[in-house]
Amino acid sequence: MFQPLTYDGLAHRLPKRPSQSHKGTFGRTLLVGGNAQLGGAIILAAQAAVYAGSGLTTVATDVANHTALHARLPEAMVSDWSNLAQLKELTQAADLVLLGPGMGLDAFSCQRLHRILDWLKPGQKLVLDGDALTLLARHPHPVPSGVPIVITPHQAEWQRLSDLAIEDQTPQANLAVQKQLGFNLVLKKPGTELYLTDGSCYQLTVGTPAMATGGMGDTLAGMVAAFLAQFPDDFNLALCSAVFLHSYLAQELAQTQWVVLPHQISEKLPSLMKHFIG
Ligand SMILES: NC(=O)C1=CN([C@@H]2O[C@H](COP(=O)(O)OP(=O)(O)OC[C@H]3O[C@@H](n4cnc5c(N)ncnc54)[C@H](O)[C@@H]3O)[C@@H](O)[C@H]2O)[C@@H](O)CC1
Ligand SMILES: Nc1ncnc2c1ncn2[C@@H]1O[C@H](COP(=O)(O)OP(=O)(O)O)[C@@H](O)[C@H]1O
Ligand SMILES: [Mg+2]
């Protein structure tokens with residue numbers, strides 16, 4: 001049922017950067033998340049998005065995170081996520097919105113999730129990760145039509161969304177729920193599984209327990225966002241490449257490291273992508 005994701009199968013298929021281009025060519029990416037306690041999650045996601053090549057990256061997050069984000073990643077623009085009018089403007093101007101890393105589970109965060117689902121229009125793309133998935137499971141809301149949606153749950157988040165206990169998350173059961181939902185599903189675990197809306201299914205053959213540390217999924221979410229925003233011509237190739245490269249890079253780093261820190265993956269991305277794409 002699954003096609004394996006391999007370096008040879010993906011390498012060189014992503015397009016090189018055209019010389020006639022500017023930052024707008026490579027996607028306007030909006031990341032929303034990071035409450036006062038979980039700012040690290042959205043900072044890691046933003047670093048991954050910028051280092052993976054997102055042309056313009058804006059982060060809407062709690063003001064408590066603004067100084068840290070500016071200091072760590074001056075390439076990103078910052079907005080206060082409590083300003084709803086500005087959040088609406090940023091959402092409507094984005095090519096892609098990533099929602100969820102570190103956003104928390106309270107009523108304030110739930111309102112942001114529901115409003116963004118209301119504001120998105122056909123032609124835009126949406127990636128939902130982390131707390132956005134738990135919130136969607138607890139407080140269902142209609143999703144925008146004409147907006148391709150990627151969800152990146154780990155097994156516990158998928159349990160909440162699908163009602164499948166982790167031991168019942170077989171490929172057939174996962175596929176049945178994914179079809180009902182109509183989302184592109186990246187089910188994260190050792191041997192991450194992808195169930196895409198065109199019916200194709202893929203599985204990772206790379207990865208390492210050295211990835212089992214907080215923030216690793218936030219980094220993947222930022223990579224997925226940047227790949228989908230900057231490579232709009234082949235959605236599945238962009239998504240599969242992001243998922244593959246995240247674990248491939250971790251596996252490379254784990255040859256000499258006990259644990260791989262999520263930000264180390266981001267730091268290696270520009271050179272690996274040059275090598276990978278050419
Ligand atoms: N530095 C930060 O600010 C960090 C913030 N984070 C944010 O914290 C929020 C909550 O995320 P959590 O994932 O911790 O919380 P959850 O409560 O959704 O799930 C965590 C628990 O699920 C269980 N689990 C079962 N199968 C799993 C699998 N395959 N992978 C991972 N966990 C599995 C684990 O026991 C784990 O303790 C998210 O918004 C996330 O983005 C985390 O990413 C950690 C780092
Ligand atoms: N033992 C493991 N083997 C392979 N990959 C792993 C392992 N543990 C974690 N990962 C990967 O690390 C990432 C963890 O994501 P997630 O749990 O959402 O982290 P966080 O929310 O803390 O950022 C996923 O991509 C997952 O596949
Ligand atoms: Mg996560």
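A polar contact is a pair of N or O atoms within 3.5 Å; within protein, one must be able to donate a hydrogen and the other to accept it, and residues adjacent in sequence count only if both atoms are side-chain atoms. Keep that in mind for the two ligands below. This is a predicted model, in which local features need pLDDT of at least 70 and side-chain atom pairs count only at pLDDT 80 or more, while totals for chains, interfaces and linings use all residues. Residues are numbered from 1 along each chain as its sequence is written, chains are lettered from A and ligands numbered from 1 in the order in which they are written, and side-chain values use heavy atoms, with hydrogens and water left out.

Start with the chain. UniProt, in an unreviewed entry, lists residues 6-276 as "domain: YjeF C-terminal". Its positions are given in the numbering used here, with feature names shortened, and annotations may be inferred rather than shown by experiment. Over residues 6-276 the chain is 45% helix and 14% strand. The end C-alpha atoms of this stretch are 12 Å apart. Helices (H or I, at least four residues) and strands (E, at least two) are DSSP runs, numbered from the N terminus.

Now turn to ligand 1. It is surrounded by 17 residues, and the closest are Gly102, Asp131, His154, Gln155 and Asp218. A residue counts as near if one of its heavy atoms lies within 4 Å of the molecule or strand in question. In the side chain of His154, an N or O atom is 2.8 Å from an oxygen atom of ligand 1. A polar backbone atom of Gly102 is 2.8 Å from an oxygen atom of this ligand. On its own, ligand 1 has 860 Å² of accessible area, and the protein covers 55% of it. Such areas come from the Shrake-Rupley method with a 1.4 Å probe; for residues, only the protein chains shown count as cover.

Which elements give two or more residues to the shell around ligand 1? They are helix 2 (39-51) and helix 7 (155-162). Helix 7 gives the most, with 4 residues. UniProt also places a "binding site" (unreviewed entry) at Ala41, Gly102, His154 and Asp218. The lining of the largest pocket includes Ala41, Gly102, His154 and Asp218. Ala41 lies in helix 2.

Where does ligand 2 sit? Ligand 2 sits in the largest pocket. On a 1 Å grid over the protein atoms alone, a cavity is a set of points where a 1.4 Å probe fits but cannot get out, and a pocket is an open set with protein on both sides within 12 Å along at least five of seven lines; lining residues have an atom within 4 Å of a point. A molecule sits in one if more than half of its atoms lie within 2 Å of its grid points.

Of the 15 residues around ligand 2, Lys188, Gly215, Met216, Gly217 and Asp218 come nearest. Helix 9 (residues 216-230) gives the most to this shell, with 3 residues. An oxygen atom of ligand 2 is 2.9 Å from a polar backbone atom of Gly215. Another entry is Thr192, with a side-chain N or O atom 3.3 Å from an oxygen atom of ligand 2. Thr192 is in the loop between strand 8 (184-187) and strand 9 (193-195).

A further "binding site" in UniProt (unreviewed entry) lists Lys188, Lys189, Pro190, Gly191, Thr192 and Gly217. They span 30 residues in sequence, yet no two of their C-alpha atoms are more than 14.0 Å apart, so they gather at one spot. The lining of the largest pocket takes in Lys188, Lys189, Pro190, Gly191, Thr192 and Gly217.
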